[in-house]
Amino acid sequence: MNEKKREINRGGRTSKKVFWTSFLSGMILLGALLVSIGLSGVAYAVPLAGVGDFYVEFDNLEGDGYTFYPKMGETSSSKSAPQGTNLIEKLTIKNLKLYKDFKVGDQWLRVEITASKPVQITGLQQDASLIQANAKFSNLVLKENYSSDWTKQFKQSSSHITLGSAKLKTHYLFQKTITMNGMKLTVHKIDKK
């Protein structure tokens, strides 16, 4: 009898029990992380990966020490998809909003993190497949390099970057340190078609 149940579950159907257990475990870990941020105001080495693509939006970003290079990376729907890696040594973001949407049955849920005050970050690494923004660069360099590795054949760098009205489709996000005063986490239903 148990073998028949297992065979039925292998048919590509999502087990609600496994999904909710994983989802709640992730939310508890995220909540513990956010509580630690709320208590100290600072988090160290914060990776967000393996949760599929999510969106980062903000009104303004000011950063120093910017580097970009292309790569192939994992997403929630593909083992390997074209992306770009953005590295920024030190930055400040105003009106930050991060969110990820989940389809649960026939409903959509959104996990959303916002910060009402400027967010201070060091050591940012972000992999994205889409960046929409008003951009300004200082000392911008676009450079080709001879290499058999295609990811090393092109590199963009600048001493200072400014992004305004930005929306980024993100697949990986890491910050060495982040200070998020005025942070708020919500999980709510959304109307999405």
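Me: What makes up the accessible surface of the protein?
Reply: In this predicted model, the accessible surface comes to about 12300 Å², and 54% of that belongs to carbon and sulfur atoms.

Me: Which residues make the nonpolar surface patch of about 350 Å²?
Reply: The patch is made by Phe137, Leu140, Leu142 and Phe154. Phe137 is found in strand S6, which covers residues 119-138.

Me: Why is Phe137 called partly exposed?
Reply: Phe137 has a relative accessible area of 32%.

Me: Why is Lys152 called exposed?
Reply: The cut-off for exposed is over 50% relative accessible area. Lys152 has 54%, so Lys152 is exposed. The residue lies in the loop between strand S7 (141-144) and S8.

Me: What does Lys152 touch, not counting residues up to four places away in sequence?
Reply: Lys152 touches Asn145 and Ser147. As for Tyr69, the C-alpha atoms of Lys152 and Tyr69 are separated by 7.4 Å, although the two are 83 residues apart along the chain.

Me: How many of the residues are buried?
Reply: Of the 193 residues in the protein, 34% are buried. For each of these the relative accessible area is under 20%.

Me: What makes up the largest nonpolar core?
Reply: This core has 22 residues, and those with the most contacts inside it are Phe58, Leu61, Ile93, Leu96 and Val119. Two or more residues come from each of strand S2 (54-73), strand S3 (81-94), strand S4 (96-104), strand S5 (107-115), S6 and strand S8 (154-179). S8 gives the most, with 6 residues.

Me: Which residues is Phe58 in contact with, leaving aside neighbours within four places in sequence?
Reply: They are Ile93, Lys94, Asn95, Leu96, Leu163, Ser165, Ala166 and Leu168.

Me: How many helices and strands does the protein have?
Reply: There are 2 helices and 9 strands. From the N terminus on, the order is α-α-β-β-β-β-β-β-β-β-β.

Me: What is the mean pLDDT of the protein?
Reply: The mean is 83, and 74% of the residues reach 70 or more. Over residues 36-41 the pLDDT is below 50, and this stretch has 8 contacts in the model beyond near neighbours in sequence. Residues 44-51 also stay under 50, with 23 contacts beyond four places in sequence. Where pLDDT is low, the predicted coordinates should not be read in detail.

Conventions:
Residues are numbered from 1 along each chain as its sequence is written. This is a predicted model: local features need pLDDT of at least 70, side-chain atom pairs count only at pLDDT 80 or more; totals for chains, interfaces and linings use all residues. Side-chain values use heavy atoms; hydrogens and water are left out. Patches are made of residues with over 30% relative accessible area and no salt bridge: like charges are joined within 9 Å, nonpolar side chains (Val, Leu, Ile, Met, Phe, Trp, Tyr) within 5 Å. Accessible areas come from the Shrake-Rupley method with a 1.4 Å probe; for residues, only the protein chains shown count as cover. A salt bridge is a side-chain nitrogen of Lys or Arg within 4 Å of a carboxyl oxygen of Asp or Glu. Helices (H or I, at least four residues) and strands (E, at least two) are DSSP runs, numbered from the N terminus. Buried means under 20% relative accessible area, exposed over 50%, partly exposed in between (1.4 Å probe, protein chains only). pLDDT is the predictor's confidence in each residue, from 0 to 100. Contact means heavy atoms within 4.5 Å. A nonpolar core is a set of buried Ala, Val, Leu, Ile, Met, Phe, Trp, Tyr and Cys residues joined through side-chain atoms within 4.5 Å.
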